[in-house]
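Please read the numbered points below with the sequence and the model side by side.

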Amino acid sequence: MGSLKVNLCGIELDNPVIPASGTFGYGYEFAELYDINELGTFSFKGTTRDPRFGNPTPRIAECPNGMINAVGLQNPGVDHYLEYDLPKLKGLGATVIANVAGHCDDDYAQVVEKLTDSAADMLEINVSCPNVTHGGMSVGTDPVALGRLMDRLRPMTDKPMIVKLTPNVTDIASIARAAAEGGADCLSMINTLVGMRIDIRTGEPIIANRTGGVSGPCVFPVGLACVWRVRAALPDIPIIGIGGIDSGEKALEYLYAGANAVEVGGAALYDPTAPIRVARELEELLDSRPELTEKLAKGDTWR
């Protein structure tokens, strides 16, 4: 897939398709199925300062054309990641985006501090998780709080910093602008929407957390619109489009909306080959669009 090379934050990727955080584990599990280096890079599971068990079960419910999850950032913590997971990934030759999460500014800062001298290539700051009680999405819905967090994190590292945005806001462009003014090198969007299901036998929410994050094909139009709006407001910052991508055609729509790259998330949960399949389908579609391919390679967008 040599014709799909893209420039993202000064790093050349072989193609613009990235497995999203939370649905691709730490990548090496998928390496048993195919060469993960055929993908552009990938964003590993959200990592926090301390190990997290996550939310109580049940954590998952089906919904029309998608799913709802409230896993709650279950992960073994940043120290475990640095000692065990990152060396495995770099041993495979992978380009890695480290996804950073936390409950408060101190949590984010301590994880970034530990990752700044690591072999991770980029940092994705998750300020948009709807499934944690503190921090998470609350930071990503307030431009003042987000600006304060970025003022603290940006001086801590020279690594390219991606800020992952939530759609659960009135004006996503204002949040995106706060991230960019705070020093974000790139924006990724969207994280999941807040939703719920009710068990009609009991009248109670199916998920123990009551609400969870909605993902899957049903969120595709929402993600696309968010990318379009942010690209119109911020014409120069790189954007990674996320939400409902399960085909090369949908990935191409995101590129036309103004994304520089895309992440495949929910589709990988039921089809582990989805990221590589989307990349190959996108390559076929771009064969007849050399003008778009040239723009992506230079770090530009169609819009």
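1. The side chain of Lys 45 has a polar atom that lies 3.3 Å from the backbone oxygen of Gln 74. This is a polar contact, that is, a pair of N or O atoms within 3.5 Å; within protein, one must be able to donate a hydrogen and the other to accept it, and residues adjacent in sequence count only if both atoms are side-chain atoms. Lys 45 itself belongs to the loop between β4 and β5. Leaving aside neighbours within four places in sequence, the residues in contact with Lys 45 are Ser 21, Gly 22, Gly 25, Tyr 26, Val 71, Gln 74 and Asn 99, where contact means heavy atoms within 4.5 Å.

2. The model is predicted, so local features need pLDDT of at least 70 and side-chain atom pairs count only at pLDDT 80 or more, while totals for chains, interfaces and linings use all residues. Residues are numbered from 1 along each chain as its sequence is written, and side-chain values use heavy atoms, with hydrogens and water left out.

3. Asn 75 is placed in the loop between β6 and α1 (78-91). Strands (E, at least two residues) and helices (H or I, at least four) are DSSP runs, numbered from the N terminus. Is Asn 75 buried or exposed? With a relative accessible area of 4%, Asn 75 is buried; the term means under 20%, whereas exposed means over 50% and partly exposed in between (1.4 Å probe, protein chains only). The side chain of Asn 75 makes a polar contact of 2.9 Å with the side chain of Thr 48. Not counting residues up to four places away in sequence, Asn 75 touches several residues, including Tyr 26, Gly 46 and Asp 50.

4. The largest pocket holds about 740 Å³ of space. Its lining has 39 residues, and the closest to the centre are Ser 21, Gly 22, Thr 23, Asn 69 and Thr 192. β6 (66-69), β14 and α8 (267-270) each give two or more residues to this lining. On a 1 Å grid over the protein atoms alone, a pocket is an open set of points where a 1.4 Å probe fits, with protein on both sides within 12 Å along at least five of seven lines; lining residues have an atom within 4 Å of a point. Grid points are joined across faces, edges and corners, and the volume is the space filled by probe spheres set on the points.

5. Two cis peptide bonds deserve attention. One runs from Thr 57 to Pro 58, with omega near 0°, and Pro 58 is in the loop between β4 (42-43) and β5 (60-63). The other runs from Met 189 to Ile 190, with omega near 15°; Ile 190 is found in the loop between β10 (186-189) and β11 (193-195).

6. Cys 9 has a phi of about 55° and sits in the loop between β1 (6-8) and β2 (11-13). Arg 210 has a phi of about 75° and lies in the loop between β13 (204-205) and β14 (212-215).

7. How many disulfides does the structure hold? There are 0, a disulfide being a pair of cysteine sulfur atoms within 2.5 Å. For Cys 63, the nearest cysteine sulfur is that of Cys 218, 4.5 Å away. Cys 63 is buried, at 15% relative accessible area, whereas Cys 104 is partly exposed at 34%.
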